[in-house]
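Colleague: I am new to this structure and would like to learn how to read its features one at a time. Could you take me through some of them, giving the general idea before the particular case?

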Amino acid sequence: MSIKDKLLHLKESLPSGVSLLAVSKFHPAEAILEAYEAGQRRFGESRPQELKEKYAALPKDIEWVMIGHLQTNKIKYIAPFVSLIESLDSERLAVAVNEQALKCGRTIDCLVEVHVTQEQTKSGWAWEELVEFASNGGFRKLQNLRIRGVMGMTTLTDDEAVIRADFERIRACKAELAKYFDESFDTLSMGMSDDYHIALEYDTTEVRIGSTIFGSRTI
């Protein structure tokens, strides 16, 4: 099945109001262009330098989304053009992104990444620290950031009960944080190729799908 056919089939399976982020990290520009020509415009990448190279090589109406852990010294590569940073996982990173956005004369949309699993390898804001920063007006002081919602990842397991519990916690995090933001705080990003059909039951507004569209990673 072609990338185009996979995309069309996937989009038909998504309810109204749920957007598709095509996770193109580690896949070549040619594959992204095939998806673009099939109508896809939002693509997720995890490496700033790779993202910068793809931005230069591909159509400029693509909405590029940063989904991987972002080091503060790499923000400069993507700040001029990135559409959304989904992996805002600390106060330090939030301050650094705001500084780079200010230098570019932009306001950068971000999602706060929450850590709900027991896996220490997964990144994400510790819940208590995030609530403290938000409740003390920390985000309001960062005038060049706009927090659009929450992103989260589930435990790497085949146990559906654990996955469902993680989705429920991520959904609850968004609901709790909503009081600190305005009506633009509208995004709940969770669900990937293996579990997005479950995430749909927990009110996700965006699914991040890679291998279902592009196949196995090339790197």
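Colleague: Which residues does K54 touch, leaving aside those up to four places away in sequence?

Modeller: Please keep in mind that this is a predicted model. A contact here means heavy atoms within 4.5 Å, and with residues up to four places away in sequence set aside, K54 touches S24, K25, F26, H27, I32, E45 and W64. K54 itself is placed in helix 3, and one of those neighbours, E45, is joined to K54 by a polar contact of 2.9 Å between the two side chains.

Colleague: Where is K60 placed, and which backbone oxygen atoms lie by a polar atom of its side chain?

Modeller: K60 sits in the loop that runs between helix 3 (48-57) and strand 3 (63-66). A polar atom of the K60 side chain lies 2.9 Å from the backbone oxygen of Y55, and for the backbone oxygen of A56 the distance to a polar atom of that side chain is 3.4 Å.

Colleague: How do I read a pocket, and which residues line the second largest pocket?

Modeller: Rolling a probe the size of a water molecule over the atoms shows where empty space is left. In this model the second largest pocket holds about 210 Å³ of space, and its lining consists of F139, R140, L142, Q143, L145, R146, I147, Y180, F181, D182 and S184. Sorted by class, that lining has 6 nonpolar, 2 polar and 3 charged residues.

Colleague: Which members of the largest nonpolar core touch the most other members?

Modeller: That core has 62 residues, and F43, I85, L88, V97, V112, F139 and I213 are the ones touching the most other members.

Colleague: Why is G149 called buried?

Modeller: G149 lies in strand 6 (residues 145-152), and it is called buried because its relative accessible area is 0%. Leaving out residues up to four places away in sequence, G149 touches C110, L111, V112, F185 and T187. G149 and L177 are 28 residues apart in sequence, with 8.5 Å between their C-alpha atoms.

Technical notes:
Residues are numbered from 1 along each chain as its sequence is written. This is a predicted model: local features need pLDDT of at least 70, side-chain atom pairs count only at pLDDT 80 or more; totals for chains, interfaces and linings use all residues. Side-chain values use heavy atoms; hydrogens and water are left out. Helices (H or I, at least four residues) and strands (E, at least two) are DSSP runs, numbered from the N terminus. A polar contact is a pair of N or O atoms within 3.5 Å; within protein, one must be able to donate a hydrogen and the other to accept it, and residues adjacent in sequence count only if both atoms are side-chain atoms. On a 1 Å grid over the protein atoms alone, a cavity is a set of points where a 1.4 Å probe fits but cannot get out, and a pocket is an open set with protein on both sides within 12 Å along at least five of seven lines; lining residues have an atom within 4 Å of a point. Grid points are joined across faces, edges and corners, and a volume is the space filled by probe spheres set on the points. Ala, Val, Leu, Ile, Met, Phe, Trp, Tyr, Cys and Pro count as nonpolar, Asp, Glu, Lys and Arg as charged, and the others, Gly among them, as polar. A nonpolar core is a set of buried Ala, Val, Leu, Ile, Met, Phe, Trp, Tyr and Cys residues joined through side-chain atoms within 4.5 Å. Buried means under 20% relative accessible area, exposed over 50%, partly exposed in between (1.4 Å probe, protein chains only).
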